[in-house]
Amino acid sequence: GIYGATVGNNVHPMIGDVNPGSPAARAGLRRGDLILRVNDTPVESFDELRQLTTRHRPGSFVELRLLRNNAIVRVKLALGSDFMTGDCQCLADQTAS
């Protein structure tokens, strides 16, 4: 699931449980990751995350910029038919920066 977590004055979507072997796990998402950006667009709420991901067609690649353990992590993934339900066909290319 995705929850809200307050960072400074913003509430960012936070990754909740990630089932082993799930598309989210294969993409490299981890429990507690804060989603800061989709591509270069800041994300400050669940609604913004949904709006940004649904603008892309299934199979389109997006980059999620995450905050994990005080480090920025970038995960590239291909969106499936419905990213928000966890049914994404996530083909991950993780790069820490």
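Predicted model: local features only at pLDDT ≥ 70, side-chain atom pairs only at ≥ 80, totals over all residues.
Residues are numbered from 1 along each chain as its sequence is written, and side-chain values use heavy atoms, with hydrogens and water left out.

**Overall layout**

- The protein contains two helices and seven strands; these are DSSP runs numbered from the N terminus, with helices (H or I) of at least four residues and strands (E) of at least two.
- Read from the N terminus on, the order of elements is β-β-α-β-β-α-β-β-β.
- Of the 97 residues, 36% count as buried; buried means under 20% relative accessible area, exposed over 50%, and partly exposed in between, using a 1.4 Å probe and protein chains only.
- The accessible surface comes to about 5600 Å², and 47% of it belongs to carbon and sulfur atoms; the areas come from the Shrake-Rupley method with a 1.4 Å probe, and for residues only the protein chains shown count as cover.

**Confidence**

- The mean pLDDT of the protein is 74, with 68% of its residues reaching 70 or more; pLDDT is the predictor's confidence in each residue, from 0 to 100.
- Among the elements, E4 has the highest mean pLDDT (93), and strand E7 (residues 93-96) has the lowest (42).
- Over residues 86-97 the pLDDT is below 50, and this stretch has 41 contacts in the model beyond near neighbours in sequence.

**Strand E3 and its partners**

- Strand E3 (residues 34-38) is largely enclosed by the rest of the structure, because four of its five residues are buried.
- E3 pairs with strand E5 (residues 61-68) in the antiparallel sense over four bridges; two strands pair if DSSP finds at least two bridges between them.
- In that pairing, Ile35 stands opposite Leu66 in E5.
- E3 also pairs with strand E4 (residues 41-42), again in the antiparallel sense, over two bridges, and here Val38 stands opposite Thr41.
- The hairpin of E3 and E4 has two residues between the strands, and in it Asn39 takes a positive phi near 55°.

**Two residues to look at**

- Leu36 lies in strand E3 and is buried, with a relative accessible area of 18%.
- The C-alpha atoms of Leu36 and Leu67 are separated by 6.8 Å, although the two residues are 31 residues apart along the chain.

**The nonpolar core**

- The largest nonpolar core has 15 residues, and those with the most contacts inside it are Leu29, Ile35, Val38, Leu64, Leu66, Val75 and Leu77.
- E3, helix H2 (46-54), E5 and strand E6 (71-78) each supply at least two residues of this core.
- Such a core is a set of buried Ala, Val, Leu, Ile, Met, Phe, Trp, Tyr and Cys residues joined through side-chain atoms within 4.5 Å.

Key
Contact = heavy atoms within 4.5 Å.
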